[in-house]
Amino acid sequence: MNNSGFATGLLSRWLPAVAWAIVISLLSSDAFSGHATGGFLLPLLDRLFPGASPDALLELHARMRKLAHVTEYAVLAVLVFRALDRPGRPLATIAGVTLLACAGYAVLDELHQSFVPSRVGAPLDVALDTAGAALGLGARVLVRAVFSAGRRSPA
């Protein structure tokens with residue numbers, strides 16, 4: 001493969017993961033603080049659950065925000081795994097590097113949030129992010145195993 005093909009392949013593998021990491025960073029800004037998301041989610045939740053108390057709606061909003069951590073990092077893990085998955089690379093290595101990269105990014109993201117006035121960097125969020133990455137990684141490994149087994153089965 002010439003240098004141009006190598007660069008194109010590298011870009012096509014890593015661009016989705018890098019773009020998603022940028023999305024995660026944007027979601028860590030003032031624009032997506034609890035106060036900001038509450039401004040549009042709480043009225044929506046109130047319409048969806050008209051009998052719910054204000055405290056219950058606040059709790060649901062908080063849980064949705066924590067679920068967002070898990071989801072964001074599950075997607076990141078799938079994209080990083082995709083970028084690293086190459087023939088001949090051991091699955092354990094790909095999975096380990098993926099999880100370490102996602103956990104490292106979670107630490108950096110929470111550190112970033114500690115400098116945003118409306119946000120707080122929280123170790124619990126790093127744990128949620130890493131758990132989300134592990135879930136996404138597990139799902140991706142399972143899909144890979146299913147498709148690999150399907151290719152080996154006689155038709």
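Reply: Buried means under 20% relative accessible area, exposed over 50%, and partly exposed in between, with a 1.4 Å probe and protein chains only. This is a predicted model, in which local features need pLDDT of at least 70 and side-chain atom pairs count only at pLDDT 80 or more, while totals for chains, interfaces and linings use all residues. Residues are numbered from 1 along each chain as its sequence is written, and side-chain values use heavy atoms, with hydrogens and water left out.

Me: Is H69 buried or exposed?

Reply: H69 has a relative accessible area of 10% and is therefore buried. The residue lies in helix α3; helices here are DSSP runs of H or I with at least four residues, numbered from the N terminus. Contact means heavy atoms within 4.5 Å. Not counting residues up to four places away in sequence, H69 touches E110, D125, L128 and D129.

Me: How does G121 count at 30% relative accessibility?

Reply: G121 counts as partly exposed because its relative accessibility is 30%. G121 is found in the loop between α4 and α5. With residues up to four places away in sequence not counted, G121 touches E110, Q113 and S114. The C-alpha atoms of G121 and L111 are separated by 5.7 Å, the two residues being ten apart along the chain.

Me: How is the packing of two helices described?

Reply: The description uses the angle between the two axes and the distance between them. Axes are lines fitted to C-alpha atoms, for helices over the stretch in contact, and angles run from 0 to 180 degrees between N-to-C directions. Helix α2 (residues 34-48) packs on helix α3 (residues 54-84) at about 120 degrees, with the axes 10 Å apart. The two are therefore oblique to each other; angles under 35 degrees count as roughly parallel, over 145 as roughly antiparallel, 65 to 115 as roughly perpendicular and the rest as oblique. Among the residues making the contact are L41, L42 and L45 of α2 and L57, H61 and M64 of α3.

Me: Which residues have the most contacts inside the largest nonpolar core?

Reply: In soluble globular proteins, nonpolar side chains tend to be buried together. A nonpolar core is a set of buried Ala, Val, Leu, Ile, Met, Phe, Trp, Tyr and Cys residues joined through side-chain atoms within 4.5 Å. The largest one here has 17 residues, and those with the most contacts inside it are Y73, L76, A77, V80, C102, A133 and L137. Its largest share, seven residues, comes from α3. V80 touches W14, A17, T98, A101 and C102, not counting residues up to four places away in sequence.
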